[in-house]
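My notes follow in the order I checked things.

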Amino acid sequence: MNKILKTFLKVIVVLILILVAAYCLAGFFVLPMLIEKHLPDQAMKHLGYKVTIQKAQVNPLLLTAGVKGLDIKDKTGDQTLMSAGRVLAGLSPQSLLKLAPVISQIKIDAPDIRLVRYKDGRIHLPGQAMPEAVAEKSAKKNADTSPEPRKVPANKALEPKEKTLPPLILNHVGVTNGKIYLQDRVTDTEHRIDRFSLVLPHVSTLPAETEKEVIADLSFLLNGAPMEFHCVGTPFSGQPAVRVLIDTKDIDIAEYKPYLPMPDGLVLSKLGLNTDMELFYQHKTEGPVLELQGLVDLVSGELTDAAAVPLVSFT
């Protein structure tokens, strides 16, 4: 009897080892090859983008998957729309215990995004926005084919609808060394965001964790001006609140002249701005609360007339 039991246990152990080996083989080798082979074709078929990746990575033991050298171009392959040095995401086994998706990590390194602001004010990826005439035609078609609104009984129309977020837990979200380029065709200007960084340690929409504070740190260079934001809040509580510490330096307001309403004949040639402020917002039942306090430092400003004659100047 003992000999039969030992033989049975050996068979079970061998089967488990074979399954583990097959699982690891499929995860470490087969899945990455399938991703590298089929992802570009599926992206072109369903999204209309030409996608290339240098390498796909899957770790079945850590439940992580990612790609290196992600590059997304338009259909012709001539213009890069966005790219990233590395994208990595992981799923935690705690998902089984929490009965909700628990993302162990999301890491994006060196993302580069190109955007265009078109004449009608819409912001899209280059070449992806429809021309104004096509957009109007599409909107008219949608309006003509849209179904008539369904009549709702008066007693049901007055009933408030509770909006519930899907259960989700995000851990260790991080973006490093990002870039965003915006071409504004409305004002004929260009803007850049460099060294974009985002750190988000933990976010949960579970009902038991709605009162937990969410902490986020955001920093970047906007047209060369350093900007830092430290956020602490409870966005999913009954009365959502957030406190943001804002620290900016060397902002040149003159770069944004096309967006500023200026009287005819006056030209803002330069105006430096530094800020060290704290913003607090809370959505209370009786009404929203907004508080802003801190220091705003204007440096090196000059206002001239149309002939470039200085009217107001300070340093």
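Leu63 first: I find it in the loop between strand 2 (55-59) and strand 3 (64-73). Phi of Leu63 is near 55 degrees, a positive value in a residue other than glycine. I noted that because most residues other than glycine have a negative phi. At 33% relative accessibility, Leu63 is partly exposed; my cut-offs are buried under 20% relative accessible area, exposed over 50%, partly exposed in between, with a 1.4 Å probe and protein chains only.

Before going on, I remind myself that this is a predicted model, where local features need pLDDT of at least 70 and side-chain atom pairs count only at pLDDT 80 or more, while totals for chains, interfaces and linings use all residues. Residues are numbered from 1 along each chain as its sequence is written, and side-chain values use heavy atoms, with hydrogens and water left out.

**Around strand 3**

The turn that holds Leu63 belongs to a hairpin of strand 2 and strand 3, with 4 residues between them. These two strands pair in the antiparallel sense over 5 bridges; I call strands paired if DSSP finds at least two bridges between them. Ala56 has Val67 as its bridge partner in strand 3.

Which residue of strand 4 stands opposite Val67? I looked, and Val87 does. Strand 3 and strand 4 (residues 80-91) are antiparallel too, over 9 bridges. Their hairpin has 6 residues between the strands, and Gly77 takes a positive phi near 80 degrees there.

Strand 1 (residues 50-52) also pairs with strand 3, antiparallel over 3 bridges, and Val51 stands opposite Ile72. I then checked how covered strand 3 is: 7 of its 10 residues are buried.

**Strands 9 to 11**

Strand 10 (residues 214-222) pairs with strand 9 (residues 189-204) in the antiparallel sense over 5 bridges, and Asp194 sits opposite Leu221 of strand 10. With strand 11 (residues 225-234), strand 10 pairs antiparallel over 9 bridges. Strands 10 and 11 make a hairpin with 2 residues between them, and Asn223 in the turn has a positive phi of about 50 degrees. Ala216 faces Cys231 of strand 11 as its opposite residue.

**Cysteines**

How many disulfides does a search of the whole structure find? I got 0, counting a disulfide as a pair of cysteine sulfur atoms within 2.5 Å. Cys231 is partly exposed, as its relative accessible area is 22%. Cys24 counts as buried because its relative accessibility is 18%.

**Strand 14**

Ser300 is found in strand 14 and has a positive phi of about 50 degrees although it is not a glycine. Its relative accessible area of 28% makes Ser300 partly exposed. Thr304 lies in strand 14 (residues 287-305) as well, but Thr304 is buried at 5%. Leaving aside neighbours within four places in sequence, Thr304 is in contact (heavy atoms within 4.5 Å) with residues including Gly265, Leu266, Val309 and Pro310.

**Pro167**

Pro167 lies in the loop between helix 4 (154-157) and strand 8 (169-184) and is partly exposed at 40%. Beyond its neighbours within four places in sequence, Pro167 is in contact with Ala100, Pro101, Thr205 and Leu206. I also took a C-alpha separation: Pro167 and Pro207, 40 residues apart along the chain, are separated by 8.1 Å.

I ran a 1 Å grid over the protein atoms alone: a cavity is a set of points where a 1.4 Å probe fits but cannot get out, a pocket is an open set with protein on both sides within 12 Å along at least five of seven lines, and lining residues have an atom within 4 Å of a point. Points are joined across faces, edges and corners, and a volume is the space filled by probe spheres set on them.

The largest pocket has a volume of about 190 Å³. Of its 10 lining residues, the closest to its centre are Thr164, Leu165, Thr205, Thr210 and Phe236.

The search finds 1 cavity of 30 Å³ or more, and the largest cavity holds about 40 Å³. Strand 9 gives the largest share of its lining, 3 residues. Among the residues lining the largest cavity are His202, Glu209, Thr210, Lys212 and Phe236.
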